[in-house]
Amino acid sequence: MAYKPEDIEDKWREQWAAESLYRARVDWERPKHYALTMLPYPSGDLHIGHWFAMVPSDARARWMRMRGYNVLFPMGFDAFGLPAENAAIQRNIHPWKWTYANIERMRGQLRTMGCMFDWEREAISCTPEYYHWTEWFFKQFYEHGLAYRSEAMVNWSPSLQTVLANEQVIDGKDERTGQPVVQKLMTQWFFAITRYAEQLLDFEQLDWPEPVITMQTNWIGRSEGAKVNFHTEDGDPITVFTTRPDTLWGATFMVLAPEHDLVDRVTTDEQREAVEQYIEQTARATEIERLSTDREKTGVFTGGYAINPVNNEPVPIWIADYVLSSYGTGAIMAVPAHDERDFAFARKYDLTVQPVIQPEGEPDLDGETMEEAYVGPGVMVNSGPFGGTAVTEDKGRKNPGISAVIDYLEEQGIGEESVNYRLRDWLISRQRYWGSPIPMVYPINDEGEIVGDPQPLPDSKLPVVLPEDVEFIPSGRSPLTYHEPFLYTTTKDGERVRRETDTMDTFMCSSWYQLRYLSPQYDEGPFDPQEAAYWLPVDVYTGGAEHATMHLLYTRFFTKAMRDMELFEETAAVMREHGRDPEGLFDEPMMMLRNQGQVLGAERPGDYLLISGSQEGTRWTAERVEVIDRRDAPEDFDGLQGELMRRTENILQVAGGEDGLATVEVPESAEVIIPSMEGEARVDQLKHYLEIQRMSKSKGNVINPDELVEQYGTDTVRTYLMFAFDWQKGGPWDPEGIKGPQRFLNDVWALLVESDLAAESEATDKAMRDLRRATHQTIMRVSDGLESFSFNTSIAALMAFKNTLQSVQNTPVVNTEAWTEAVETLVKLLAPFAPHIAEELWRNHFGHPESVHVQPWPEADEEIAAEDVITLIVQVNGKLRDRIEVPADIDEDAARETALASEKVNLEGEPRKVIYVPGRLVNIVT
RNA sequence: GGGGCGGUGGCGGAAUGGCAGACGCGGCGGACUUAAAAUCCGCUUCCCUCACAGGAGUGUGGGUUCGAAUCCCACCCGCCCUACCA
């Protein structure tokens with residue numbers, strides 16, 4: 001009977017469901033393990049990337065279960081978001097219908113993965129049962145002063161006529177169309193995540209990848225310094241934040257962001273026209289222009305002056321868009337002698353440069369002739385009472401110069417120590433329909449105009465349900481704005497009010513979904529404390545590294561805020577009842593985090609390009625770039641033609657130059673012709689249309705998991721995904737490579753089911769010992785791989801073990817208990833990776849009544865696993881000279897003697913030194 | 001510009017101070033077959049060699065060490081994050 005996955009996989013999945021094998025129930029008698037993998041967006045089709053993320057996580061969860069843990073491994077859908085609404089606009093399908101059809105389809109696909117998901121815990125964020133509590137959380141944040149309304153610049157896409165989320169804007173362009181996005185001022189809802197900045201910098205309890213910690217740390221961007229109070233000549237205060245208070249005596253001008261409140265007041269009549277013109281010009285600038293790398297700094301003098309509080313010198317006040325209104329106080333003191341940006345600005349507009357830090361052992365700095373700002377350490381000069389104070393490269397209080405000046409500012413009452421963060425408050429409102437409603441109302445007058453502050457709806461009115469009969473028009477406003485029955489309601493006092501029509505960022509939903517899984521049907525709160533007390537926190541979280549600074553920061557913030565709002569009190573009480581100490585368990589949502597890499601499409605040829613322009617060796621500067629079908633390649637072409645191999649920004653690497661690879665720079669002025677793109681192409685669009693390897697539908701190299709499952713079966717696809725890559729790294733898909741795991745599972749099947757194992761003679765003790773050694777070494781290797789997320793080495797160990805079993809399958813050892821132990825162990829070790837074939841072999845072939853998935857994980861016996869013969873490595877001066885088989889328990893003297901006796905050592909004279917590494921090698925130093 | 005991660009056979013990858021290339025793909029040779037697929041056996045880092053035996057070798061150059069793919073320094077290349085953050 002041959003191995004036919006189609007005969008066993010569906011069968012076992014049905015059986016497992018019938019037995020509720022994967023139902024996770026609270027059981028205080030057993031240790032718990034909450035394994036979580038990031039929930040998918042219901043885009044319509046399960047991608048190989050989902051498999052790559054979920055299947056190894058499942059294997060590890062299964063392994064934990066076999067090790068005796070009570071494992072929760074849930075699944076759900078992050079079901080609000082833009083694509084559903086775009087489908088509604090483009091194809092006139094209601095987001096509900098579109099989303100539910102997709103979920104239905106993806107559930108089926110998820111089932112074919114053979115994961116141990118507990119489907120009774122499924123949570124879908126777009127259902128009223130779910131977003132009821134997303135709204136409730138909003139209210140909690142609002143009532144605790146953590147949610148507020150304020151004006152903010154948002155990303156506006158003129159081509160899509162809508163506001164975009166930050167994550168949908170890449171390099172100032174809409175990630176989907178590559179069209180520029182502009183900034184627009186709108187009133188928005190914010191969460192005060194910045195209040196938790198300091199706590200979020202503490203990763204002490206977390207076992208998270210170092211790069212994620214670094215990214216979050218950089219994103220939060222803590223900087224230490226001081227706030228210094230300047231005044232205008234008229235006495236208006238202007239506070240600046242600086243990390244370099246030690247350079248205060250060198251502040252020769254001030255710069256305000258063009259949007260700064262005081263701009264209007266300080267501007268003199270002579271300068272007013274220039275200032276207003278500059279403000280208008282900056283407002284028009286798109287994000288791309290603002291971001292362009294070497295853009296020359298621009299600015300305008302306001303005509304006003306401020307007084308430097310340490311020396312009472314008047315300093316001119318300028319405005320410039322290199323000062324951002326959203327960072328610090330939106331105003332800076334400019335110290336051109338010691339800051340590169342200020343220096344460039346000062347030189348351009350001929351402003352005074354006054355050095356106040358003198359590098360030791362160098363000629364005195366001269367503000368007139370300096371060619372660049374000096375940012376290194378030195379001694380303070382021209383700085384009033386601080387002349388001679390040392391300035392180091394340390395930041396903040398650790399720097400003696402900075403520390404001394406901060407003390408001085410505080411004594412004099414002209415400033416104070418201050419810490420500033422790059423992190424901004426979290427903008428959570430979206431002008432969209434398909435998101436969780438914000439449960440707030442506004443008082444209105446008879447004309448329906450908003451006349452007062454927002455008020456929260458009472459809990460009894462929750463959830464605010466999304467109306468279904470809305471019209472989807474891309475107007476830049478939420479479709480809810482046009483829905484009269486939704487828009488107006490009355491309070492319990494009979495007051496007519498208008499509802500908030502913005503909805504929440506979908507990151508709100510995913511900030512607490514790990515709690516909803518605990519009790520998705522619970523209707524007295526977001527989660528059932530009885531469940532939470534047992535399962536929390538998440539022990540292992542897996543997912544893509546792209547969420548490092550958004551989702552993973554938000555969910556940490558959410559958890560800490562919930563703890564401070566005392567939303568875990570009941571849960572803590574239940575924990576105490578069961579003798580579990582709640583201390584520290586609500587500080588972080590997920591204790592361990594691991595990121596998987598990305599599976600890329602099989603390599604395919606890049607676009608074929610025709611390039612005309614000027615040439616210098618292998619470097620080209622393009623005047624015209626055209627993408628053509630390579631079959632249309634002209635034989636005679638005055639320029640460069642070939643396949644696109646690589647691209648970085650506007651630099652293309654094209655195969656087909658005279659020396660193989662040519663480097664082509666495409667300047668802004670170049671003409672770009674891309675047939676697959678609608679409208680006029682620009683250089684900026686190269687990156688959106690000329691990508692070469694990453695997997696995507698438009699490239700035609702998508703791997704379809706459904707087809708793979710049909711062709712090879714779930715177990716083979718699972719095994720291949722875990723075998724072919726370093727999981728944390730990912731890599732390109734090789735369609736041939738899957739044959740390895742396919743042959744492996746076939747061989748395992750054949751070994752156990754098809755071969756006729758009978759031998760006449762008695763097995764030797766050595767044969768049995770060798771087999772048991774292999775068995776126990778395999779247990780160790782497979783376990784180690786699972787522990788460290790090195791799934792590929794676990795499977796390699798299983799393959800090697802299978803090879804060993806094949807090599808002895810025609811020997812008498814097959815009649816021994818050692819063989820029984822070996823094959824039963826093989827099946828148990830295989831179970832987390834290939835759950836269906838393992839179950840079939842366990843129950844149907846071996847005839848065990850209980851599932852293999854509830855068997856205890858085999859324990860390795862170190863003594864059985866120990867080698868009794870080792871290969872002694874003999875080196876001379878660190879170079880390999882010989883390998884000698886010796887008993888494993890050889891002592892040092894015998895090992896040295898054996899090594900020195902080797903013919904291949906062939907030593908002349910006495911060795912200077914002999915290094916002995918027990919059980920490994922002898923290194924003879926001459 | 002700043003920060004992070006990485007670079008090992010034709011390919012995916014093992015090895016984290018001690019036998020480089022486990023395991024697999026592909027390739028080559030052979031068996032089976034009318035033939036192909038599948039399957040089985042053998043070889044497969046490179047150079048030299050009929051073979052044995054050698055030699056070189058983990059991006060490049062230096063260092064530490066009895067010994068370095070692994071640790072340190074510099075450089076080159078790739079990927080990711082960030083981008084006037086005062």
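**Close-up views of a predicted model**

**View 1.** N382 sits in the loop between β17 (378-380) and β18 (390-391); helices (H or I, at least four residues) and strands (E, at least two) are DSSP runs, numbered from the N terminus. The model is predicted, with local features needing pLDDT of at least 70 and side-chain atom pairs pLDDT 80 or more, while totals for chains, interfaces and linings use all residues. Residues are numbered from 1 along each chain as written, chains are lettered from A and ligands numbered from 1 in written order, and side-chain values use heavy atoms, without hydrogens or water. N382 is not a glycine, yet its phi is positive, near 50°. The residue is exposed, at 52% relative accessible area (buried is under 20%, exposed over 50%, partly exposed in between; 1.4 Å probe, protein chains only).

**View 2.** S20 lies in the loop that runs between α1 (5-19) and β1 (32-37). Its phi is about 50°, a positive value in a residue other than glycine. S20 is partly exposed, with 34% relative accessible area. Most residues other than glycine have a negative phi, and most peptide bonds are trans.

**View 3.** The peptide bond between L462 and P463 is cis. Omega at this bond is near 0°. P463 belongs to the loop between β23 (455-456) and α13 (484-487).

**View 4.** L536 and P537 are joined by a cis peptide bond. Here omega is about -10°. P537 is placed in the loop between α16 (529-535) and β27 (538-544).

**View 5.** Helix α7 spans residues 210-220. V212, I213, Q216 and I220 are its buried residues. Viewed down the axis of α7, these buried residues fall within an arc of 100° (directions from the helix axis to the C-beta atoms), so they line one face of the helix. E210, P211 and N218 are exposed on the face turned away from the buried side.

**View 6.** RNA strand B is surrounded by 51 residues, each with a heavy atom within 4 Å of the strand. The closest are K297, Y327, R341, A724 and R743. Of the atoms of RNA strand B that come within 4 Å of the protein, 63% belong to sugar and phosphate.

**View 7.** N218, on the exposed face of α7, makes a polar contact with RNA strand B (a pair of N or O atoms within 3.5 Å). L324 places a polar backbone atom 2.8 Å from a base nitrogen of RNA strand B. For R883, a polar side-chain atom is 2.4 Å from a base oxygen of RNA strand B.

Technical notes
A polar contact is a pair of N or O atoms within 3.5 Å; within protein, one must be able to donate a hydrogen and the other to accept it, and residues adjacent in sequence count only if both atoms are side-chain atoms.
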